[in-house]
Amino acid sequence: MGLGLVNFVNSLVVSLPSSKALSLNWNFGSMLGMVLGFQILTGTFLAFYYSDDSLLAFSSVQYIMYEVNFGWVFRVFHFNGASLFFIFLYLHLFKGLFFVSYRLKKVWSSGLVILLLTMMEAFMGYVLVWAQMSFWASVVITSLLSVIPVWGPSIVTWIWSGFTVSGATLKFFFVLHFLVPWGLLVLVLLHLLLLHETGSTSKLYCHGDYDKICFYPEYWVKDALNLVVWFLFIGFSLLGPFYLGDPEMFIESDPMMSPVHIVPEWYFLFAYAILRAIPNKVVGVLALFMSIVVFFVFVLVENYVSVMSKVNKFLVFIFIFVACMLSWLGQCLVEDPFVFLSMVFSFFYFLVVFLLFGVFVLSKFLFR
């Protein structure tokens with residue numbers, strides 16, 4: 001058993017054949033693994049002192065901040081760690097688009113499932129503070145499930161554990177928020193195993209065996225450069241701990257009065273802008289869901305030959321610009337010209353993804 005485990009770990013991080021052409025863009029994956037472990041560790045310590053009672057939840061967060069020894073450190077690191085995780089998650093996704101990593105279908109699909117689960121996990125963690133913004137964000141987002149045909153209203157009532165967001169809803173979110181990361185760990189391990197089955201893509205846009213070296217020691221040294229990011233993260237968390245938060249998160253939830261302007265965390269703004277851009281609720285929710293699910297379209301085509309890399313990179317740069325614009329529009333007021341611009345950029349968001357898919361398909365027929 002012990003020898004088998006050693007051999008397994010050895011095959012993952014020591015003797016693994018890796019392309020010589022992997023740049024720092026391939027550090028994003030290893031950084032995500034580190035941040036996930038960091039989030040589970042800090043979250044576990046926070047759970048010791050957090051109360052999932054709706055009357056005590058907000059006060060328990062303040063208790064952690066002011067009374068628990070070094071509690072403020074764990075909380076500041078945990079909620080800034082969520083932002084760090086999404087920064088590298090999106091960078092990892094953009095890297096995959098740049099280097100056509102969706103050719104590795106199983107790896108791509110498992111990565112998208114991890115992204116969807118992480119978004120759900122982050123949303124539930126946001127609600128746990130039970131402040132004005134997080135409470136009303138939970139009301140808005142869970143209400144969207146009512147558009148599901150036939151079972152929608154029943155699903156919403158089940159999640160709420162009643163007819164409105166209440167203490168029972170908070171308990172439901174807390175339990176899921178604690179359990180889902182362990183499932184994410186298993187999925188990340190599966191993601192790695194699937195990746196090692198095929199090998200990584202590289203700057204050469206290939207994953208053959210002709211340029212491979214052992215993962216250790218070269219890539220151990222390269223991944224050690226992640227420590228620079230960690231030092232920057234610690235500095236940012238201590239010097240500007242609430243810079244990425246919202247002032248409404250310092251006000252206890254009031255079910256009788258909603259905030260003037262409900263805004264989610266920055267990493268959900270692009271999807272929120274797409275949701276708000278469409279007047280029809282059902283179509284809006286479908287577009288919100290499709291903003292991530294649309295990336296599964298790449299697994300429908302098998303193309304292991306050359307790709308039009310220059311055109312692909314140009315389109316990915318446009319996609320990043322569109323996603324950034326949607327993120328900015330997501331925190332703007334619901335009025336013209338912001339609503340109109342959200343519609344325009346939502347259209348371009350899906351258009352660029354399908355253009356990327358078209359280039360992928362076209363290159364198969366041009367270079368086969």
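Select T201 and S101 to begin: the two side chains make a polar contact at 3.0 Å. A polar contact is a pair of N or O atoms within 3.5 Å; within protein, one must be able to donate a hydrogen and the other to accept it, and residues adjacent in sequence count only if both atoms are side-chain atoms. T201 sits in the loop that joins α8 (167-198) to β2 (212-214). Helices (H or I, at least four residues) and strands (E, at least two) are DSSP runs, numbered from the N terminus. With a relative accessibility of 2%, T201 is buried; buried means under 20% relative accessible area, exposed over 50%, and partly exposed in between (1.4 Å probe, protein chains only).

The model is predicted: local features need pLDDT of at least 70, side-chain atom pairs count only at pLDDT 80 or more, and totals for chains, interfaces and linings use all residues. Residues are numbered from 1 along each chain as its sequence is written, and side-chain values use heavy atoms, with hydrogens and water left out.

Next, select S19, in strand β1 (residues 17-19). S19 is buried at 3% relative accessible area, and its side chain reaches the backbone nitrogen of A21 at 3.1 Å. Beyond its neighbours within four places in sequence, S19 is in contact (heavy atoms within 4.5 Å) with S202, D211, K212 and Y219.

Now show α5 (105-127) and helix α6 (residues 132-143). Their axes are 8 Å apart and the packing angle is about 135 degrees, which makes α5 oblique to α6. Axes are lines fitted to C-alpha atoms, for helices over the stretch in contact, and angles run from 0 to 180 degrees between N-to-C directions. Angles under 35 degrees count as roughly parallel, over 145 as roughly antiparallel, 65 to 115 as roughly perpendicular and the rest as oblique. On α5, pick F123, Y126 and V127; on α6, pick M133, S134, A137, S138, I141 and T142, which complete the contact.

Last, select helix α11 (residues 269-277). Since 9 of its 9 residues are buried, α11 is largely enclosed by the rest of the structure. The elements covering its buried residues include α4 (71-98), α5, α12 (281-293), α13 (309-330) and α14. From α11, F270, A273, I274 and A277 meet S342, M343, S346, Y349 and F350 of α14.
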